[in-house]
Amino acid sequence: MKTYTFKGLLTENGWLVNASVVVDENGKIASVSQNTEGEKVNGFALPGFQNAHSHAFQYAMAGLAELHEGTGVPDDFWSWRTAMYNLALTISPDQLEDIAAMLYAEMLRHGYTSVAEFHYLHHDKDGKPFANLSEMGERLVAAAKKTGIRITLVPMFYQQGGFGQAPVEKQKRFISETIEDYLKLLEATKKSVSVYDGANWGTGIHSLRAVKPQDAVRLTKEMDQNQPFHIHVSEQLKEIEDCLAFHGKRPVQWLLDNCDVNENYHLVHATHLDDPEVSGIAKSGANVVICPSTEGNLGDGLFRFEAYKNQGGKWSIGTDSHVGLNPFEELRILDYGQRLISHKRTTFYESGKGDSGFNAIKMAWESGRKAMGEQNETFFKVGDSFDAVVMDADSALVATASTKNLCNTFVYSADVSNILGTIVNGNWVAKHGKHLNHDQTVSDFKKTMAQLKSRQ
Ligand SMILES: [Zn+2]
């Protein structure tokens, strides 16, 4: 047993001041009370952020693909994708583990305590499956275990190059030709996650363009309905046009009409929706994973947040290509995109509840937990694992804010320098701006990046 006493702990009913959290030997919360003796922490504890969408290997190209060459070729999502494929072709299992460990250490330092890994880089460089089908996934789990982040590994079914098209050469590391191939990969994935208590798994389809329709229908019918299901959908206008040409329906409409879309579904991006699609997702209870910094970077478009939220739509955030790793910034970019088109400042307002920062943290957390395959009723419930990001009570804006302004001070003005540390399963994993295994992780990452030469 150990006890932490924080200046404040965020509850559904506001801040509990001088809050003491007793954690048992399994990292679970044994009690929450006030003014108990324990490790005094000069900070305010928020529930750890949930990163509901990640492609770890893409961290190796974060910030690149911005040297626009003036070739006259439009530099858009699709040209970015070619650069990403080129990187994907070169990465070995060891290198993936080093990249993912660096990324996860950085996520923890920024306050994320769980990540859903939308994983499609399955095979060896020549496109042949590894002896262990889940070799690459296992390396992601190893990186998560090493750094202490929770991971939900979601191997992707990726079968073809586009609607009705064979895969291209550059996609050879992603491909499962049949459902049976994919199910074998899924079985191997379950084994990979069994070595780490902080790991879970889910089922996934990369996108409607990547899987034959009859196989998408069959997989979603036969999959374990208790695990989360992730899919990229409607990120790009071209994808809508291609889907309309092939299916005669928009992607989300096709999904709603052909699959039992429900609260275990996590639709990643869902940027371009018409009115029936917005209502259809909201009514189904499914979740949308919004990735504001990546969507902005790739020029995807703005999610129809206001209409969706007004119909009770559920959403979480993800960092996707990892051009941004600050959860507060993700919430801000999401909010500001909406403000710029609505000319209002009430993006996260819910009837009678006007605290934008609190609402954003709560909405993203609840749906984010489901994306991990977990259900939590409230923040910091007795019996749940103790995962928290602790904001520094000494930083200037925080030290001078009243409790009613704290969530907004964090969401609208904080960066990583305002974080005192991050706790997963009752233990500090990052403190004072550094992951606890920082030096080794950086050294491994530098070695790998020197080999890959992708940032030179
Ligand atoms: Zn993605």
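A salt bridge here is a side-chain nitrogen of Lys or Arg within 4 Å of a carboxyl oxygen of Asp or Glu. By that rule, two salt bridges cross the interface of domain 1 and domain 2, and the structure holds 25 salt bridges.

Some ground rules before going on. This is a predicted model, where local features need pLDDT of at least 70 and side-chain atom pairs count only at pLDDT 80 or more, while totals for chains, interfaces and linings use all residues. Residues are numbered from 1 along each chain as its sequence is written, and side-chain values use heavy atoms, with hydrogens and water left out.

**Overall build**

The protein chain has 15 helices and 17 strands (DSSP runs numbered from the N terminus: H or I of at least four residues for helices, E of at least two for strands). Its radius of gyration is 21 Å, close to the 23 Å from the globule rule for 456 residues, so the chain is as compact as a globular protein of that length. That radius is taken over C-alpha atoms, and the globule rule is 2.2 Å times the number of residues to the power 0.38. Along the principal axes, the C-alpha trace spans about 65 × 50 × 45 Å.

**Where the domains meet**

Domain 1 (2-47 + 378-439) and domain 2 (49-371) come from the domain assignment, which is an automatic or database one. Their C-alpha centres lie 28 Å apart. In contact (heavy atoms within 4.5 Å) are 32 residues from domain 1 and 26 residues from domain 2.

The area buried between the two is about 2500 Å², with carbon and sulfur atoms giving 63% of it. Buried area means the accessible area (1.4 Å probe) that two parts lose on being put together, summed over both. On the domain 1 side, Val411, Tyr412 and His435 lose the most area to domain 2, together 26% of what that side buries.

There are also 14 residue pairs in polar contact across this interface, both residues at pLDDT 80 or more. Such a contact is a pair of N or O atoms within 3.5 Å; within protein, one must be able to donate a hydrogen and the other to accept it, and residues adjacent in sequence count only if both atoms are side-chain atoms. Helix 14 supplies the largest share of the domain 1 side that touches domain 2, six residues.

| Pair | N to O distance |
|---|---|
| aspartate 387 and arginine 150 | 2.6 Å |
| arginine 139 and glutamate 135 | 2.9 Å |

Arginine 139 and glutamate 135 are about one helical turn apart, because they sit four residues apart in helix 3 (residues 135-147).
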